[in-house]
Structure formats: C-alpha cells, structure tokens
Amino acid sequence: MSEGVQLGRKVPDFQLNTYDPVEDKFSNFRLADQIERKRWTILFFYPADFTFV
Amino acid sequence: MGCDIVTVSTDTQFVHLAWKKSEGELAEVRYPMAADPTGKVSRLFGVYDENTGLDLRGTFIINPEGVLVNSEVNFYNLGRNIDEMLRKFKANLYMSKKTNEVCPSKWKEEGDKTLVPSEAMVGRVHEALVG
C-alpha cells in the first residue's frame, strides 16, 4: 500500500509549494512547521484540478 | 479543532490558483492547495499513479508529533466521505487524550461508547459494548 510512510511511524519531513486562497498568495507547506506548532494535519490527495468529484 | 487540512494534486500552484478563482464550487475553500508536480511527496505516501501522473484519492491523518495515524485510499471512481474523514479525525484526537481507550465501529463523536481493553475483556467484547 504505502511506499514510504507507515501507520504508527513518523512521516519523513517534506515540503510542498502551495496556493493559499485566504491570503491569495503562493506559499509553502512544511510538515516540520506543523510539528513545531503542535498541529494535526490532514493531507487530502486528489487526481486533478478542473475535473469532477 | 487544531487541525490543518491541505489538499494535494500533481497540478502546479498556478493551476490551483486558476481553478480556485474560476470554480464556484470552491468558493468556501480556505485551506492551502499544495502542488506536487514531480510526484515526490505523492510517491512517499504511495498514491502516485505512474501510468497517469495523477494522484489516487488518498487521505492521511498525521498527529502533532508527526506520526501517521490513519490512511484511506480510493481509486479514481469513488469519492471519499467527508463525514467519515471528520469522524476518524475526531476519534484520533479523542484517543490522543484518552490513551487507554479505543473507539469501536459505532463511535461517532465524544460521548459515544468507547472500550478500555484488558485481559478481562478478551472474548467478552459483547458484554463490554452492551453493558
């Protein structure tokens, strides 16, 4: 199922460029920042923009 | 609830911007839309489809310590139930505070019946749930 991550194990740090709709700006997401801020994260992957649920 | 949702696809952040501004169904979206065009993070989570260059419908819950506590992956043709996603998040949040309790299948929200596993419960889960 999952190649790199495992349930019950720490996820390796990663970062992604983002579009932030609240600020209407490009930004950055980093898992290490979430851990530092003690926040839960839900990552929601989907196939493609401009397609239909 | 102390939780940040981040969506991810292999589109670039420019496409996310364009989609957000054009699609009325996204008007209420306030969470960051992440871009993974190289598929690096998607492969890390095992959702990258090498045949199409697109991500499968995967949802992953990571706790504040960075541990993966839940995963769900659907093929393209089946949408995920958002109520279920929230239920699983709330269950994990609850259990992070009550580490000796587990949430049985009917658990929906705090206040619903949980179980405290023990030797005495082995073979007696029915009594624990009904009693």
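Reply: Chain A has a radius of gyration of 14 Å, whereas a compact globule of 53 residues would have one near 10 Å. Along its principal axes, the C-alpha trace of this chain spans about 35 × 30 × 15 Å. Of the 53 residues in chain A, 26% are buried. Please keep in mind as we go that this is a predicted model.

Let's start with the elements. Chain A holds one helix and three strands, and from the N terminus on they come in the order β-β-α-β.

Seven strands form an open sheet with mixed pairing, in the order β2(A)-β1(A)-β2(B)-β1(B)-β3(A)-β5(B)-β6(B). If you follow that order in the picture, you will find β3(A) between β1(B) and β5(B). The edge strands, each pairing on one side only, are β2 (25-30) of chain A and β6 of chain B. From one strand to the next, the twist averages 25°.

You can pick out one pair by name: A:Trp40 has B:Cys3 as its bridge partner in β1(B). On the chain B side, β1(B) also pairs with β2(B), in the parallel sense, over three bridges; there B:Thr7 stands opposite B:Met33 of β2(B). A helix of chain B belongs in this picture too: α1(B) lies across β1 and β2 of chain A together with β2 of chain B, and runs at about 25° to β1(A).

Next, look at what is packed inside. The largest nonpolar core has 23 residues, and those with the most contacts inside it are A:Leu43, A:Phe45, B:Val8 and B:Ala34. Two or more residues of this core come from each of β1 (15-20) and β3 (40-45) of chain A, and likewise from β1 (3-9), β2 (33-35) and β5 (57-62) of chain B.

Stepping back to the whole interface, 40 residues of chain A are in contact with 51 residues of chain B. Several elements of chain B supply at least two residues each to the side that touches chain A, among them β1, α1 (13-22), β5 and α3 (82-97). The largest share, seven residues, comes from β1(B). By type, the residues on that side of chain B divide into 29 nonpolar, 13 polar and nine charged.

Finally, two spots in the backbone of chain A deserve a glance. A:Asp24, in the loop between β1 and β2 of chain A, has a phi near 55°, a positive value in a residue other than glycine. Is A:Asp24 buried or exposed? A:Asp24 is exposed, because 10 other C-beta atoms lie within 10 Å, and 12 or fewer count as exposed. The other spot is A:Phe50, in the segment after β3 of chain A. A:Phe50 is not a glycine either, yet has a positive phi of about 60°. A:Phe50 is exposed as well, with 10 other C-beta atoms within 10 Å.

Definitions and conventions. Residues numbered from 1 in each chain as written. Chains lettered and ligands numbered in written order. Predicted model: local features only at pLDDT ≥ 70, side-chain atom pairs only at ≥ 80, totals over all residues. Core = buried A, V, L, I, M, F, W, Y, C linked by C-beta atoms within 7 Å. Buried ≥ 20, exposed ≤ 12 C-beta atoms within 10 Å, placed from the backbone. Helix = DSSP H or I, 4+ residues; strand = E, 2+ residues; numbered from the N terminus. Contact = placed C-beta atoms within 7 Å. Nonpolar A, V, L, I, M, F, W, Y, C, P; charged D, E, K, R; others polar. Pairing = 2+ DSSP bridges. Axes fitted to C-alpha atoms, helices over the stretch in contact; angles between N-to-C directions. Rg over C-alpha atoms; globule rule 2.2 N^0.38 Å.
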